[in-house]
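Okay, everyone, thanks for coming. Let me put the structure up, and then we'll walk through its packing together.

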Amino acid sequence: MNTTNASKRQFLKTGLAIGGAAAAGLSGNLAFAQDKPLVTLRMSSTLPLDANSAHYVWYSRFAQNLKAAVGNKIVVNYFPSDQLGKESDVVNQVRIGSVDMMISGSSIWSTTVPEIGVLDMGYLFANLDHSGRALDGKAGAILSKMMYDRVGVQVLGWAYSLGARNVFTKNPVRSVAELKGIKLRVLPVKNFIGTLRYMGAVPTPIPFGEIYTSLQTGVVDGFEHDAPTALAGKFFEVAKYCALTQHIYNPQTPVISKRSFARIPADLQKAFLDAAAEATNYQRQRAADMERDAFEKLKGLGLTVSTVDREALRKDVAPLWSEFTTQYPAVKPVVDEIVAARG
């Protein structure tokens, strides 16, 4: 046997084996690189991770859309129940980009852009669809520009609360008169407090995470929120009555820091925005059904629901509108557009 030829054959086999191993390793590295996100973002919510949460309905659809559009190139991790901090603190973290995204009621942004509080004025919107029509037009564009220019935050959509905000109490409220003097948990923002005060209640600002214990201990007599949130938070266990005041239809507002959005590669930004827009439309379509279903479940769990004179309440709250638009004249065109969209 020719030892030289044998050595050549062995060299070739060894080389092919090493080359194959190297190729396999390279292929594995490429696959890993393709699976590894180009951008990972964090999104905060104050509400629990629950199918009845307006925030989670939006986020879950958005994440599904994003995955279908860009695979794992952009990953948005969701942190419910104030895991990244209280809502008022997260607002500032989103402004500077240390938290990338947030979904909340629009109200909390009035702490940094006071004009956003226009959306919290009682009886501004007739119903959910009215808020959608108005905010998809000039009114929403004006407010979005304020957010972007002043605090560096991009609004990704004006989603719905899952129904109107109503009054839930430990004792029955069956008329406008019975609202007088009761202590109601309210968001710590100007027009929520003003609306409840003009309605005759005693607004008591308390963080969302403290509602249940505040009801239990008698710090407040009730709270105001939408029915799905009352169900998700199990507040019906201590507040067994609901008065259908339907006083506020403020939007749920997913946002991203301008700095964080700039981290998304330019060729993926449209897909990101499209995923958010579709999630907003999807969440809106589900809102009315989810409110109805939540009320049915709450009634089955012992909630008693009563109607009150909304027109009387609307007249009681009317002075708040003129007060706010006088203080912040820039919102007068927003109010005019919303009223015009009432139909």
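When I say contact, I mean heavy atoms within 4.5 Å. This is a predicted model, where local features need pLDDT of at least 70, side-chain atom pairs count only at pLDDT 80 or more, and totals for chains, interfaces and linings use all residues. Residues are numbered from 1 along each chain as its sequence is written, and side-chain values use heavy atoms, with hydrogens and water left out.

So, who does L143 touch? Skip its neighbours within four places in sequence, and L143 is in contact with E115, I116, V118, L119, L135, W158 and V334.

Next, α5, which runs 138-151; helices here are DSSP runs of H or I, at least four residues, numbered from the N terminus. How do α5 and α12 cross? Their axes, lines fitted to C-alpha atoms over the stretch in contact, with angles from 0 to 180 degrees between N-to-C directions, come within 8 Å and cross at roughly 150°. That makes α5 roughly antiparallel to α12, a label for angles over 145 degrees.

And which residues meet there? From α5 we have K138, A139, I142 and L143, and across from them in α12 sit P333, V334, E337 and I338. Sorted by type, the contact has six nonpolar residues, two charged and no polar ones. For that count, Ala, Val, Leu, Ile, Met, Phe, Trp, Tyr, Cys and Pro are nonpolar, Asp, Glu, Lys and Arg are charged, and the others, Gly among them, are polar.

How values were computed. Helices (H or I, at least four residues) and strands (E, at least two) are DSSP runs, numbered from the N terminus. Angles under 35 degrees count as roughly parallel, over 145 as roughly antiparallel, 65 to 115 as roughly perpendicular and the rest as oblique.
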